[in-house]
Amino acid sequence: MPSASKLRPAVRPKIVKKKTNKFVRFEADLFKRMNPAWRKPHGMDGRFRRHFKGTPKHVKIGYGSNTKTRYLLPDGFHKFVVSNVKELELLLMHNKKYSAEIAHNVSSRKRKAIVERAEQLSIKVSNAAARVRSEEAE
């Protein structure tokens, strides 16, 4: 049985990001109280809304990712959040497309059981090492 690190996706297309830097709210850098999250400009005379030369780019549908690579992790798998061993069984036939990610609120005892079962089913667990203390420390 292959170890979790050796598992590879069935197909691994090249992920192309059209724009890697974030779209920030216009003039959010001038005010500390202003959230930099994107907001559509609505000002009547605003030069940014009217797309004047020298103003930042607007959010447009053309910057969207390719549908084949959207939500794809860098290792080529899609993420599937798992809370218990039973949910892991759903990935039995899809272990070449999806990798399991253990939910943040799962205890360390159940994490060990999930990682152990994933090894048997040859399912990759993206955060298998999380919240696992080494045996020598205890």
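**Entry 1: helix H2**

I looked up the buried residues of H2 and found Arg111, Ile114 and Ala118; I took buried as under 20% relative accessible area, exposed as over 50% and partly exposed as in between, with a 1.4 Å probe and protein chains only. Viewed down the axis of H2, these buried residues fall within an arc of 65°, so they line one face of the helix; the arc is that of the directions from the helix axis to the C-beta atoms. I recall that an α-helix has 3.6 residues a turn, so residues three or four places apart point the same way. On the other side of H2, I found Arg109 and Glu116 exposed.

The model is a predicted one, in which local features need pLDDT of at least 70 and side-chain atom pairs pLDDT 80 or more, while totals for chains, interfaces and linings use all residues. Residues are numbered from 1 along each chain as its sequence is written, and side-chain values use heavy atoms, without hydrogens and water.

I next asked what covers the buried residues of H2. The cover includes strand S1 (78-82), helix H1 (85-88) and strand S2 (98-102), with contact meaning heavy atoms within 4.5 Å. Helices (H or I, at least four residues) and strands (E, at least two) are DSSP runs, numbered from the N terminus.

I then checked the span of H2. Its 13 residues (108-120) should span 18 Å at 1.5 Å a residue, and the end C-alpha atoms are 19 Å apart, which agrees; the expected span is 1.5 Å times one less than the number of residues. After H2 comes Ser122, with a positive phi near 50°.

**Entry 2: aromatic rings**

I found four aromatic pairs in the structure. Rings of Phe, Tyr and Trp (its six-membered ring) pair if their centres lie within 6.5 Å; planes under 30 degrees apart count as stacked, over 60 as edge-to-face and the rest as tilted.

Phe26 and Phe48 have ring centres 4.5 Å apart and planes at 10°, so I record the pair as stacked. Both residues lie in the segment before S1, so the pair ties together parts that are 22 residues apart in sequence. Phe26 is partly exposed at 25% relative accessible area, whereas Phe48 is buried at 2%.

For Trp38 and Phe48, the ring centres are 6.0 Å apart and the planes at 70°, so this pair is edge-to-face. Trp38 is partly exposed, at 23% relative accessibility.

I noted one aromatic cluster formed by Phe23, Phe26, Trp38, Phe48 and Tyr63. Lys19 lies over the face of Phe23, 4.0 Å from the ring centre; the criterion is NZ of Lys or CZ of Arg within 6 Å of the ring centre and within 35 degrees of the ring normal.
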